[in-house]
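The following exercises concern a single protein chain. Please study the sequence and the structure before reading each solution.

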Amino acid sequence: MCDEKIKVIQILAISGSLRAASSNTALLRAAISLASQGVEITLYNGLGDLPHFNPDLERTEIPSVKDIRTQLQISDGVLISSPEYAHGIPGVLKNALDWVVGSGELYRKPVALINASSRGIHAQASLREILRTMDAHIINEASITIPLSSNQIDETDIISDSKISSALHNSIVTFVSAIGTFRAEIP
Ligand SMILES: Cc1cc2nc3c(=O)[nH]c(=O)nc-3n(C[C@H](O)[C@H](O)[C@H](O)COP(=O)(O)O)c2cc1C
């Protein structure tokens, strides 16, 4: 009997939207359902609980801050889907990223970006620049734009669209493969 444990790839999914009916969160929920065996995608749900970033508090024990740092640390990769607000990324997402600039949980962390709108080009460019500055490892081949139509409002609608679910599934497969390659290359 083989009792060798198969390593599960852990991916933390972060939506930049706090909206209950968020299309970005729906895309991530669909990704969770479409993930293959051996891949566990967890939706981070603490974005709205983080206090405003304050460098004076960076080293104090704040449970919500500790939580996102731990969740990022234990993940093999991070999947982000974010809306664009006024040509930028949502303040709540920038706030979360600011909390981990100094602590470094995104340093060399593989990250894939999903864009739920073909119009949100400024936020995507800004998010890439922020992540590059933090030395995250953006996996371009797994980063995709999936423009949702107005009637695709939850993950069931998304999954039932074969073109979208196939694109999303391929993105996850590519992401997981890139995580493996990146790991193997690290000395
Ligand atoms: C305050 C506000 C500002 C927005 N600004 C932009 C923008 O600059 N460019 C854009 O393409 N969409 C903009 N949008 C549209 C959102 O990005 C879009 O509705 C997105 O799908 C919302 O994501 P969600 O469904 O995950 O909440 C804005 C929406 C809001 C509420």
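**Exercise 1.** Leaving aside its neighbours within four places in sequence, which residues is I158 in contact with?

*Solution.* The structure is a predicted model. Step 1: once neighbours within four places in sequence are set aside, the contacts of I158 are A26, L27, A30, L148, I164, S165 and L168. Step 2: I158 and two of these partners, L27 and L168, are among the residues with the most contacts inside the largest nonpolar core, which has 28 residues. Step 3: two or more residues of this core come from each of β1 (9-15), α1 (23-34), β2 (39-43), β4 (110-115) and α6 (162-185). Step 4: the element that gives the most is α6, with seven residues.

**Exercise 2.** Determine how the axes of α3 and α4 are oriented relative to each other.

*Solution.* Step 1: the axes of α3 (residues 91-99) and α4 (residues 121-133) cross at roughly 5° and come within 11 Å. Step 2: angles under 35 degrees count as roughly parallel. Step 3: α3 and α4 are therefore roughly parallel to each other. Step 4: L93, K94 and L97 of α3 meet L127, I130 and L131 of α4 in this contact. Step 5: by class, five of the contact residues are nonpolar, none is polar and one is charged.

**Exercise 3.** Is N24 buried or exposed?

*Solution.* Step 1: N24 lies in helix α1. Step 2: buried means under 20% relative accessible area. Step 3: the relative accessible area of N24 is 4%, so N24 is buried. Step 4: beyond four places in sequence, N24 touches S15, S81, S82, P83 and A116. Step 5: with S81, the contact includes a polar one between the two side chains, at 2.8 Å.

Terms used
Residues numbered from 1 in each chain as written. Predicted model: local features only at pLDDT ≥ 70, side-chain atom pairs only at ≥ 80, totals over all residues. Heavy atoms only, no water. Core = buried A, V, L, I, M, F, W, Y, C linked by side-chain atoms within 4.5 Å. Buried < 20%, exposed > 50% of the residue type's maximum accessible area, 1.4 Å probe, protein only. Helix = DSSP H or I, 4+ residues; strand = E, 2+ residues; numbered from the N terminus. Contact = heavy atoms within 4.5 Å. Axes fitted to C-alpha atoms, helices over the stretch in contact; angles between N-to-C directions. Parallel < 35°, antiparallel > 145°, perpendicular 65-115°, else oblique. Nonpolar A, V, L, I, M, F, W, Y, C, P; charged D, E, K, R; others polar. Polar contact = N/O pair within 3.5 Å; in protein donor to acceptor, adjacent residues only side chain to side chain.
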